[in-house]
Amino acid sequence: MTVLKRWIAVGVMVPLTLSAQTVSGVMSPVLTRAYDNSRTGATTTETVLSQASVGTRGIKRLASLTMTGDARGAEAQPLILPGVKMADGKVRDVIVLCSMNNSVWAFDANTYEQLWTVTLGPPANGSASIDMHTINDHWGILSTGVIDPESQTLYVVAWVSPNGTPQRGVHSVFSLKVADGTQVHAPASLAGVSYKTPSGVVETYSGIGGSDGNKTVIMRKQRSSLAFAVEGGRKTVFFASGTVLETSKGAAGWIFAYDVATNTISSGLAMSAGYGAGVWMAGSGLCVDDQGYLYAVTGNGSFDGKNDWSEAVVKVKYDYAAKSLAVVDWWSPYSDNGRIGKDPTQSFAPAALTAKMSGVTAPSEEAKAGKTMETEVARPTNSMAERDLTNARVVGKLTYIKPLNIDTGAYSDEDLGSAGISLIPEYGAVLSAGKDGIAYLVNQKNMGKTMPADFAHAATNYAKLLQPPIWYTYYPGAVDAAPQDSSTLDFLFQGKTRHMHSTSVQYTSPVHGKMLFCWGENSNLRAWGMAPTGKLSYLAESAEVASVNDTASPGGMPGGFMSLSSNNNEAGSAVLWAAIPYGDANSTITNGRLLAYDPDNFVTYPDGTKGLRVLWDSERWGVTFVYNKFNVPVVSGGKLFVPTYSGTVDVYGLP
């Protein structure tokens, strides 16, 4: 099995042909979300942007790549393919941007010249029926596509609606030549793809709302990015989806396989025969290992370990001969029923549910509406050492907040799959962290196959992990991260959510060894060391806080989104890049803050604990931009590409 590994060419396992060096550096490919199919969030081919160059010279905005026709622009991460021969014979490094109005744009990554643009069809118009906050004026290309460097083809999923209504919208896979934007094949539609669960329930995927015989087919959101893999020379694109009304009957998440050779959706796997199990992962993509197994994490819904896979880390096998997808291993920490203090071994009955729109992130909505009760509990708010009260840096009291209506389901939306997962194959680990901000290190080779009855014996279920669960985005003090009663996790730390949405960034430091970085909502950037056993050790945190201007409870979304660049992990070469919002980027348009950190050399705070050293800060230099929720900065050839909600991708480099 060949998968995307940084800038290695898929299928042939040799370096891509790169263009000549630019004034900044040699452009390296960015072919998929977070650089590779392990979703490391790290590129190791950067030779220009280093700790010394960024720290002494700083960076400046060199250009803004503008997309028109949509106020927000691209929800999809920029992709870069160097060395593309154009129709005029010129060889260019091409950056591809995909807008929410279903337009695809190509620019020269060095001169910033627009090369071509194409429109794939009318998108669904933004409305409260899709997202209650109506931030987006269109819903078209939501997920990051993937580029096959061998054929120089971009694969992307677009939501096309002939009349602009989401009820008439249909998702299709489009294949475009990177050189000129022409379509390689006719679009491959997802409408009508079906899956028969082991219990015999037939699920049908459709972008069309309404009723289809005895089946309920509802609007879908395809946020999860695309993954590309090759098995025995056969190329396949994998991707996943959630739904708009995620608790309605038939509202199942899906995983798909698109066969490149036949231009068909060769298989679809419904993640629930009941409801939910959407695969969101905040825009991240499925992980793919060297044996071809797929890895995903799901959101809230029903779970039975047979047909329903909500709140679970799942391992999926694609059978190339039978053209079928199946869950072959999994692990889950809790059920939605358990989260509201009821029998954890039972799932909700779909008939008892009211339709809940995705994006409503309980208990945040209840807290904003004032439907809370508060008690003060004296405990550390953010310890500098893992579960160590002695060395805790106490910043006041933790406001312990629970919704008054907890028994009616306010905490049944604590999605495990609110963030992308990380595959760490050298340690046999799959890392997942969701809305609780708790890190779970799942055994890649033997996940444990949790069953509903296991929730009655939580300690035994947690023992299946490589290491015990740990508070990851924030430390609330002496609160068990692995409780028997999962409803004891239902509180806001110091009155704020600490949800994890960004995918953890992986880095092999010459100083600290294997490192992980996370940035939760209303929290600091946190650095962790990782041992080969999977044990995580807290190292340091930033002084900067996401959504710092949103002072009211429960705070703002979505925390920080990060990437890391280095020159083969050499000393002094690594820079951790992060973008955070000042306000709540989920319900409002807010400005962002762009930061560059030294991930190796920590500073010391007055209390003796360690912090992350800032190399460059947009706030200090008066650089402003509109924050793009769920999108990540990417680095190539001495340039930093930052998507904004002003319909642009801003380009930064050394002055």
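The exercises below, each with a worked solution, concern a predicted model.

**Exercise 1.** Determine which parts of the chain are tied together by the salt bridge between Asp108 and Arg92, and whether each partner is buried or exposed.

*Solution.* Begin with the side chains, which meet in a salt bridge at 2.8 Å, N to O. Finally, take the cut-off for buried, which is under 20% relative accessible area: Asp108, at 5% relative accessibility, is buried, and Arg92, at 10%, is buried.

**Exercise 2.** Carry out the analysis for Asp259 and Arg234.

*Solution.* The closest N and O atoms of this salt bridge are 2.8 Å apart. Since Asp259 lies in strand S21 (residues 254-259) and Arg234 in strand S20 (residues 234-243), the pair ties together parts that are 25 residues apart in sequence. Asp259 is buried at 1% relative accessibility, whereas Arg234, at 29%, counts as partly exposed.

**Exercise 3.** Locate the salt bridge between Glu619 and Arg593, and state which network includes these residues.

*Solution.* Here the closest N and O atoms are 3.6 Å apart. Glu619 sits in helix H5 (residues 618-621) and Arg593 in strand S39 (residues 592-604), so the bridge connects parts 26 residues apart in sequence. Glu619 is partly exposed at 42% relative accessibility, while Arg593 is buried at 10%. Through salt bridges that share partners, Arg593, Asp617, Glu619 and Arg620 are joined into one network.

Note on methods:
Residues are numbered from 1 along each chain as its sequence is written. This is a predicted model: local features need pLDDT of at least 70, side-chain atom pairs count only at pLDDT 80 or more; totals for chains, interfaces and linings use all residues. Side-chain values use heavy atoms; hydrogens and water are left out. A salt bridge is a side-chain nitrogen of Lys or Arg within 4 Å of a carboxyl oxygen of Asp or Glu. Buried means under 20% relative accessible area, exposed over 50%, partly exposed in between (1.4 Å probe, protein chains only). Helices (H or I, at least four residues) and strands (E, at least two) are DSSP runs, numbered from the N terminus.
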